[in-house]
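Please examine the sequence and the coordinates before reading the solutions.

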Amino acid sequence: QVQLVESGGDLVQPGGSLRLSCAASGSIFGINAMGWYRQAPGKERELVATITNLAGSTNYANSVKGRFTISRNNAKNMVYLQMNSLKPEDTAVYYCNAQIIRYGKPYDYWGQGTQVTVFS
């Protein structure tokens, strides 16, 4: 069994900051890329940011570049998303994603989501 558990979602005013965390646990041999996605009401799930394993290369959606920072702690199997200068359009459920190696093969796992609401 593998679980991804997110935390850190909250209500925040525009211009504020939040830090999301995601912990992977269970029978994990290794983790390749990790990332954050989000889904706003009535919209499709979209990529926010990803980070590779060894090199730590990052990729961001244009809408969050310069405001959000993804990072990871490989020793703890965790990934983080620091969100600054939040805007109302950042309101969404944020999902953690990880490509986890089990029995020699990579599998895609998702967390249950954490709600981020940005309002005046």
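**Exercise 1.** Which residues have the most contacts inside the largest nonpolar core?

*Solution.* The model is predicted, so local features need pLDDT of at least 70 and side-chain atom pairs count only at pLDDT 80 or more, whereas totals for chains, interfaces and linings use all residues. Residues are numbered from 1 along each chain as its sequence is written, and side-chain values use heavy atoms, without hydrogens and water.

Step 1. A nonpolar core is a set of buried Ala, Val, Leu, Ile, Met, Phe, Trp, Tyr and Cys residues joined through side-chain atoms within 4.5 Å; buried means under 20% relative accessible area (1.4 Å probe, protein chains only).

Step 2. The largest such core has 31 residues, and Trp-36, Leu-81, Met-83 and Tyr-94 have the most contacts inside it.

Step 3. Strands are DSSP runs of E with at least two residues, numbered from the N terminus. Strand E9 gives the most to this core, namely five residues.

**Exercise 2.** Locate the disulfide, a pair of cysteine sulfur atoms within 2.5 Å.

*Solution.* Step 1. Cys-22 and Cys-96 are joined, with an S to S distance of 2.1 Å. Step 2. Cys-22 lies in strand E3 (residues 18-26) and Cys-96 in strand E9 (residues 92-102), 74 residues apart. Step 3. Both cysteines are buried, and the link is left-handed, with -80° about the S-S bond.

**Exercise 3.** State the strand order of the open sheet formed by four strands.

*Solution.* Step 1. Pairing requires at least two DSSP bridges between two strands. Step 2. The order is E1-E3-E8-E7, with antiparallel pairing. Step 3. E1 and E7 each have a single partner strand, so one side of each lacks a neighbour in the sheet.

How values were computed. Buried < 20%, exposed > 50% of the residue type's maximum accessible area, 1.4 Å probe, protein only.
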